[in-house]
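Here is a short briefing on one structure.

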Amino acid sequence: MSRTIRIRKGADIRLQGRPAAQVVDAQRSAVYAIQPSDFHGVIPKMEARPGDRLQAGDVLFRDKEKPEVVYLSPVSGVLKEVVRGAKRRILAVEVEADATDTFRSFPTLDPQRASREEILAAVLQGGLFPFFEQRPFAVPANPADRPRAIYISGFSSAPLAPDMGTVLAGRMEDFQAGVWALGKLAGEGGVHLGVRPGDSVYAGVKGVEVTAFEGPHPAGNVGVQIHWTHPVNKGEVIWTMHPEDVVALGHLLTHGHYRMDRVVAAGGSEHPSPQHYRVRMGSRADVLMGGAAYSDRVRVVSGDVLSGTQVQAGGYLGAKHHQLAMLPEGRDPKFLLTEGWLSPGLNKFSLSRAFPTWLLPKSKEFALDTNNNGEHRAFVVSGQYEAVFPFDILPVHLVKSILANDIDGMERLGIYEVAPEDFALCEFSCTSKMELQHIVREGLDLLQNELG
Amino acid sequence: MKALHQLLDRVRPNFQEGGKLSRFWVVYDALETFAFTPGHVTHKGTHIRDGIDLKRTMFIVILALVPALLFGTWNQGHQYLLSIGEISTSDPYLFRIWEKLGIGAIKVLPLIVVSYGVGLGIEFLFAGMRKHAINEGFLVSGMLIPLIMPVDVPLWMVAIATAFAVVIAKEVFGGTGMNILNVALTARAFLFFAYPKQMSGEIWIHNVEASKADGLLVDGYTGATALGELAGTVGKAVDSPEAAAVMSKFGPDGMFSWMNAFLGTIPGSIGETSSLAILLGAALLIWTGIGSWRIMLSFLLGGLGMAFVFNLAAANAYMTLPPLHQVVLGGFMFGMVFMATDPVSAAQTDMGKWIYGFIGGALSILIRVVNPAYPEGVMMAILFINVIAPLIDHFVVQANVSRREKRWLAAQKISTSTAN
């Protein structure tokens, strides 16, 4: 029987527009794109050129530093444009899609019988290696490493999270095949799967150590699950993968196709029809917006609202994002007595109980906008991050050591275990409006550069 | 409210870079952000933000101070009328309430005006010099300062003390969030050491010297606080007549009975006397999560514990005072709820807060009982724990770090043993 771990610290932010547990096929996007920025720190080296005909699974670009890691086209079509930004940095590789996909065929193998080398080679060639992330540093994994363990968080606890039972329905055979393959790639720690207690979708999955996690967000963050089972020590490497990518991995090995299906939970108070949409990875975001158009009153977020990225008009869903949210922009100033800091605050959501809304029943949902709700200040309030940060790590001290560029301090205070997303709730609740995820990312980058 | 915002928008260019009044940008910015939470939206990291900001936080602390402020205002009038025999202790508390509030307000309001005026003036000056936005920290400090003053303190002294505290305790360290010592207590300590004659002795009832000179003072009223009276028993035998005379005031019918001290109908600094009013504020702070219950609780336990230890020793009459009576006297409660909990100068780790509060509470009682020169031990105790708070945190952080190191060493051991 699996273990159950209760996470006490954290918070669930209840937003309006929770996606219904049903899946519809989204309209096929005319153009698909892979954005290198979705894979932190990767410098792409283009392989395909504009005008090239591509099958789903043909190479678009490879990692300049680790050339064996390739990034494939999710659809068949014609390479339309390599969009470049400042200093000719590649922002997106756009593929004009055919009406239906033709797939490049990869050799298949039996993941239970194949050797580690065979599986690793197949994963690299089949373009799924970029979907491994590693701890420490929360960056794409390195194929030269042999991770102590591989972790899959089987659920998301973020606001407006997808319902994994809906997402994985009918895909569990591929998931199981993927898990067998992960078992070969992982070291002595094996494969770990974090689930919600009573989650039926994962019943019967073999070859994993299942741990159930009760409690509020961020219980679904893979970093939290690692911390509560076998925390990352200095010098160790752990890989993580999203369940939908495990499905794609299983499909690649058993069927020989690079089939990056995503069931995306689209919601938020501005979404006209919050539900799950089935799309191919790299799709334009607008096909998930339920018919709504872009406007400057609405923010479209690829990923979860606490750590995702803003989608500009015509933009794409991130390669590692499984959620889309539409929130009201909060550009209107708020008068102190009616909506500001002196108001009774009957519509304000806060984790602090400084507004009376915390007395409302837990089921009450809020339509939060993107207003900063205050100005940036020095650290004043203490104890706030600790309440939503379920690690045996002192968040304020870690953040201060990062701000001071104190490498030794960061190391001792546990930076190897965290990812920026683990600080998302701290950032949300911060009275002083610190940009913690940005700070943590800079700290991780600095440390990684220093260690070479 | 649109009209007001349009007006602000219209005059803004004057204050911006190159405008006629650009020197006063911080003033404009402070007023605008005071009236309107700006329409700034999130741009990196999280897309939604908690409704709370520092203004709301500070406002709730002010709200928590209101009971102590109102009671203190009433009490100053009450004490004055009692001292000159206009009313007696058997009269109901509401008797001549407007007169009491009026007498109190005439004394208290100017203190508040001076404290805010001087403090905010300096804040604006520094914000202008350093080109940063004006921080909200002084909104609370400016209210705390009058509440821990004796009623007849000259206004110029309050002005100097406030200026000293804001500049030396806060701005030289970089402003709100950077200070090591509690700003309001620094103001109080400054007066205590700079003007010891004016800040100790029989000054705690309005106009008491004049009343005495005019022969109006009722027998038993000296203008000393409970702690001042108690300090007189130090060095005298427990059963000496002097000690017995003092201790009778702390009996059930005495002026400083537990009930009087709890309700706050005794002489003392403006805001500190009523434990009841302070605890109402504490309830709001704990309820909203703005004040640290860990610090308040451990501070109280530290105080009770130390008073209990003195009970066991019982070397003089002061030491025999029951623990529950000790903690409702003087500034103990006020310090516990509003001073020790200042998040900037307190310990920042959860474990550290327990240790910090406990040491503070214990020291408060220790100093006041053992050193009669400092009847108000709370002030010294809190300033002391402010100083050692980073040290306490350091040990808590070290414990966290060494936990992680041990885990790492254990993992090393396993991997080397499996390698063999």
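**Sheet and interface**

In chain A, four strands make up an open sheet with antiparallel pairing, in the order 3-9-8-5. This is a predicted model: local features need pLDDT of at least 70, side-chain atom pairs count only at pLDDT 80 or more, and totals for chains, interfaces and linings use all residues. Residues are numbered from 1 along each chain as its sequence is written, while chains are lettered from A and ligands numbered from 1 in the order in which they are written.

**The sheet in chain A**
- Strand 3 (31-34) and strand 5 (53-54) of chain A are the edge strands, each pairing on one side only.
- Strands are DSSP runs of E with at least two residues, helices are runs of H or I with at least four, and both are numbered from the N terminus.
- Two strands pair if DSSP finds at least two bridges between them.
- Seven bridges join strand 8 (residues 77-84) and strand 9 (residues 90-97) of chain A, in the antiparallel sense.
- Opposite G77(A) stands A97(A), in strand 9 of chain A.

**The contact between chains A and B**
- Chain A gives 64 residues to the contact, and chain B gives 51.
- Residues are in contact if their C-beta atoms, placed from the backbone, lie within 7 Å.
- Helix 18 of chain B gives the most to chain B's side, with eight residues.
- That side of chain B divides into 21 nonpolar, 20 polar and ten charged residues.
- Ala, Val, Leu, Ile, Met, Phe, Trp, Tyr, Cys and Pro count as nonpolar, Asp, Glu, Lys and Arg as charged, and the others, Gly among them, as polar.

**Pairing across the chains**
- Strand 21 (residues 334-335) of chain A pairs with strand 1 of chain B over two bridges, in the antiparallel sense.
- F335(A) has F36(B), in strand 1 of chain B, as its bridge partner.

How values were computed. Contact = placed C-beta atoms within 7 Å.
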